[in-house]
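The following paragraphs lead through a protein structure, from one pair of side chains to the chain as a whole. Please keep the sequence and the model in view while reading.

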Amino acid sequence: MYKIAGAWGNTGRSSLVIGEKMATSLGVEVGDKVVYMGQHGTDDIESKLLRVGGIFRTGNADLDGFAAFADFTYLQSLMPGDDPAH
């Protein structure tokens, strides 16, 4: 995996690192804001504003187009339960 922009790891609690193809399709760069939306065991849909902290390229079009990485404990706070590890 190659870092092509921004930082990898320790980019801040509410930031994420995304694949180059995803960044291109969303039209975002490092520092831009994106909205995460998900439904985790309830009927309610959660949405959180995150900032792009870094962009990577693996050479795998599927991974580069659909993968995003964020702080594990921050993501757990979006999900119900005491320890929703995913």
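A salt bridge is a side-chain nitrogen of Lys or Arg within 4 Å of a carboxyl oxygen of Asp or Glu. By this rule the structure has 1 salt bridge: the side chains of Glu-20 and Arg-57 meet at 2.7 Å, N to O. Glu-20 lies in helix 1 (residues 20-26) and Arg-57 in strand 4, so the pair ties together parts that are 37 residues apart in sequence. Helices (H or I, at least four residues) and strands (E, at least two) are DSSP runs, numbered from the N terminus. Glu-20 is partly exposed, with a relative accessible area of 27%, and Arg-57 is also partly exposed, at 36%. Here buried means under 20% relative accessible area, exposed over 50%, and partly exposed in between (1.4 Å probe, protein chains only).

The model is predicted: local features need pLDDT of at least 70 and side-chain atom pairs count only at pLDDT 80 or more, whereas totals for chains, interfaces and linings use all residues. Residues are numbered from 1 along each chain as its sequence is written, and side-chain values use heavy atoms, with hydrogens and water left out.

Two strands pair if DSSP finds at least two bridges between them. Strand 2 pairs with strand 4 in the parallel sense over 5 bridges, and Ile-18 stands opposite Ile-55 of strand 4. Strand 2 is also joined to strand 5 (residues 68-70) by 3 bridges, in the antiparallel sense; there Val-17 stands opposite Phe-69.

Ser-15 belongs to strand 2 and is buried, with a relative accessible area of 5%. Contact means heavy atoms within 4.5 Å. Neighbours within four places in sequence aside, Ser-15 is in contact with Leu-50, Arg-51, Gly-53, Phe-69, Ala-70 and Asp-71.

A pair of aromatic rings is described by the distance of the centres and the angle of the planes. Rings of Phe, Tyr and Trp (its six-membered ring) pair if their centres lie within 6.5 Å; planes under 30 degrees apart count as stacked, over 60 as edge-to-face and the rest as tilted. The count by this rule is 1 aromatic pair. The ring centres of Phe-56 and Phe-69 are 5.6 Å apart and their planes stand at 50°, so the pair is tilted. Phe-56 lies in strand 4 and Phe-69 in strand 5, so the pair ties together parts that are 13 residues apart in sequence. Phe-56 is buried, with a relative accessible area of 0%, whereas Phe-69 is partly exposed at 37%.

On the surface, Val-35, Met-37, Ile-45 and Leu-49 form a nonpolar patch with about 430 Å² of accessible area together. Patches are made of residues with over 30% relative accessible area and no salt bridge; like charges are joined within 9 Å, and nonpolar side chains (Val, Leu, Ile, Met, Phe, Trp, Tyr) within 5 Å. Ile-45 is found in the loop between strand 3 (33-38) and strand 4 (46-57), and counts as exposed at 55% relative accessibility.

Taken as a whole, the protein chain has 3 helices and 5 strands, which run β-β-α-β-β-α-β-α from the N terminus. Buried residues make up 29% of its 86 residues.

Notes
Accessible areas come from the Shrake-Rupley method with a 1.4 Å probe; for residues, only the protein chains shown count as cover.
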